[in-house]
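Dear colleague,

Please find below the structure that I am handing over to you. My findings follow it, arranged by region.

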Amino acid sequence: MSSLLGSTGKPFKLVAPFKPTGDQPGAIEKLVKGLKAGEKHQTLLGATGTGKTFTMANIVQQVQRPTLVLAHNKTLAAQLCSEFQGFFPENAISYFVSYYDYYQPEAYLPTTDTYIEKDASINEEIEKYRHAATFNLLTRRDTLIVASVSCIYGLGNVEDYEALAIKVERGQQIKRDQFLRRLTDIQYRRSGMDFKQGMYHALGDTVEVFPPGGDTVLRFELPFDEIEVIQEVDSFTGEVLQELQDVMIFPAAHNVTTKEKIDAAVSGIQKEMTEREKEFITKNELVKAERIRTRTEYDIEMLKETGYCTGIENYIRYLNNDGVPNARTSTLLDYFPDDFLLIVDESHISIPQVGGMYEGNFSRKQTLIDYGFRLPSAHDNRPLKFNEFEDRTPQRLYVSATPGKYEFANTPKENLVEQIIRPTGLLDPIVTVKPTKNQIDDIFEEIKKTLARKERALITTLTKKMAEELTKFLSEAGQKVRYLHSDVETLERIEILRQLRTGEIDIIVGINLLREGLDLPEVSFIAILDADKQGFLRSRDALIQTIGRAARNAWGHVTLYADKMSDAMKAAIAETERRRGIQEAYNKKHGITPATIIKAVHDIAEEGRKLELRRPKYDHTKIPKDEKKRLMDELEKQMELAAQNLEFEKAADLRDEVELLRRELK
């Protein structure tokens, strides 16, 4: 781990206008005690609206350890990051998610002999957040990072990243040209006119460096080959913010390495290429033999000349793993110290997501290898296997209103802590079951009552087509409504949720993206269509999560539209009533009158909200019945690709469509 860790930073200091109440104090005490005792697995079974994030923040303050909070999608990660920034304004709270706005992985389709080049569009704002996260981890202990599952993908060797950092001190003897060469070696680009993160420019004895993880510039003055002045400067106004005695300049890219490692890597790549070429020739597969030689030799030449090549991540075995086959990939987890704490939010979704990443990646790579597009060592560029993830996370706290099988199997009974009581006194919503006949008219009436109280509504459907048609109907009726599903991109999705909270829109129609963790206190009415249908979207846990979206409002109520009472509905209603009973007893004992949560609207990033991305659209309802099997197979492939691309919301949506098709075929 980092030798710099702990060199700066303050203790975690929680700032909040309230103190733990209800069953929060007991949960915090028990979980902290377990962490200090070295318990590896603990679970917080927290009902929606009970202040689970505040409980997490109190735990972080008490244990005082660098913390990774794992969220299952970017939207939830952004919300959690904003909340933790509010709780810890003096500490280093960072956001780490996939930085691709668009990502098409390299792939080969043998049936049509189609090779697809890797194509990607990087969001520079999110890339800045990623660099800020690793910088904080390597320079201070008071670091909390909220990350998506992208944190288990390769990030570049932490030892190289840290070893190549440049420490600059006032009074240090260094020639200007030597300083500039060192900046170039760690992937900073010299700038003429444009000046942004990862660049530097020099004018006379003054050198300005724009680190990749921030919005301020470092200015160095080097008269007579000596560092005389180090200043932190506002990148826009040029105002000097502070004078510094010393500073660390980390590389401009995470995948950075030394010339010696590149030379050693080239030797290993050439050897593997020769062996692979002989294998193809022995099998009389001459086209594949020629292909692997041509492509690999081109990459080798680029590595020698520039230290980089397209698809450099496929040579990670030789660049980062010292030529060791199938070695564990270096990820964000390796930037943490050994005593860090992992909190898995909405663990019933996040844990299965972590477990599913490796296989999908392996399948796509194997096709490229079989047809001579990549060497077998390309398999080493991969997400962590689940057992590797377990090995690298010494202590885990799972947080969910509906923990999954993994959490129950690994958490001893005494480490399962319930947090049912809401400090606000809010009750679980009243749940009503109504027939599907005239359901749209009924929804319309409920919405009118909701809007009269200046509150918001959510409607969940089973298909994108129904979500879009219902949105169109409500819009034509004069309602401010938007739909939310996998075709709506990450930052735009955050914007839609923000607009719901501010009142720019009153209704969101969605499929399955509104269940876990989204904090929408303005929502008081939820309609669940087709509540009696069997499957993932209408399981006990899914219904409990959806019902919970209305538990932050005093007028919260949920209507399940169904023609029969499914077992899942019975179980979800029973659990909701159990929790409601516990809360009612607490309110009566303490004389509490429930009040709707009043919460500020936060935003992780003001820039880049609206994204215009290339994304195919599918509507399986228009496919003839005899073609549905083929469509199901196609959607499963898209689901795997979406997961590989870190587009987990899209993957979840596709998974649900596959389940619907499977039921229809049965």
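**Overview of the model**

The protein has 19 helices and 25 strands; helices (H or I, at least four residues) and strands (E, at least two) are DSSP runs, numbered from the N terminus. This is a predicted model, in which local features need pLDDT of at least 70 and side-chain atom pairs count only at pLDDT 80 or more, whereas totals for chains, interfaces and linings use all residues. Residues are numbered from 1 along each chain as its sequence is written, and side-chain values use heavy atoms, with hydrogens and water left out.

Of the 666 residues of the protein, 57% count as buried. Buried means under 20% relative accessible area, exposed over 50%, and partly exposed in between (1.4 Å probe, protein chains only). Among contacts between residues at least 6 apart in sequence, 76% join residues at least 24 apart; contact means heavy atoms within 4.5 Å.

**The parallel sheet and its helices**

Two strands pair if DSSP finds at least two bridges between them.

Ala527 stands opposite Thr559 in strand 25.

The crossing of helix 13 and helix 14 is right-handed (a crossing is left-handed if the near helix is turned anticlockwise from the far one by less than a right angle, and right-handed if clockwise). On the helix 13 side, the contact involves Gln439, Ile440, Phe444 and Ile447, which meet Met466, Leu470, Phe473 and Leu474 in helix 14. The residues of this contact between helix 13 and helix 14 divide into seven nonpolar, one polar and no charged. Here Ala, Val, Leu, Ile, Met, Phe, Trp, Tyr, Cys and Pro count as nonpolar, Asp, Glu, Lys and Arg as charged, and the others, Gly among them, as polar.

**The mixed sheet**

Another open sheet is formed by six strands in the order 10-11-12-13-14-15, with mixed pairing. The edge strands are strand 10 (189-190) and strand 15 (240-243), each of which pairs on one side only. Strand 10 pairs with strand 11 (residues 199-203) in the parallel sense over two bridges, and Arg190 stands opposite Tyr200 in strand 11.

**Strand 1 and its partners**

Strand 1 (residues 41-46) is mostly covered, six of its six residues being buried. His41, Thr43 and Leu45 point one way from strand 1, while Gln42, Leu44 and Gly46 point the other way. Strand 1 pairs in the parallel sense with strand 18 (residues 395-400) over five bridges, where Thr43 stands opposite Tyr398. Four bridges also join strand 1 to strand 19 (residues 416-419), again running parallel, and the bridge partner of Leu45 in strand 19 is Glu418.

**Two buried residues**

Thr331 lies in the loop between helix 9 (316-319) and strand 17 (341-345). Thr331 counts as buried, at 0% relative accessibility. Leaving aside neighbours within four places in sequence, Thr331 is in contact with Cys151, Ile152, Tyr153, Gly154, Leu155 and Leu384. Thr331 and Asn157 are 174 residues apart in sequence and 7.8 Å apart in space, C-alpha to C-alpha.

Gln499 is found in helix 15 (residues 490-502) and is buried, with a relative accessible area of 11%. Not counting residues up to four places away in sequence, Gln499 touches Arg482, Glu504 and Ile505.

With kind regards
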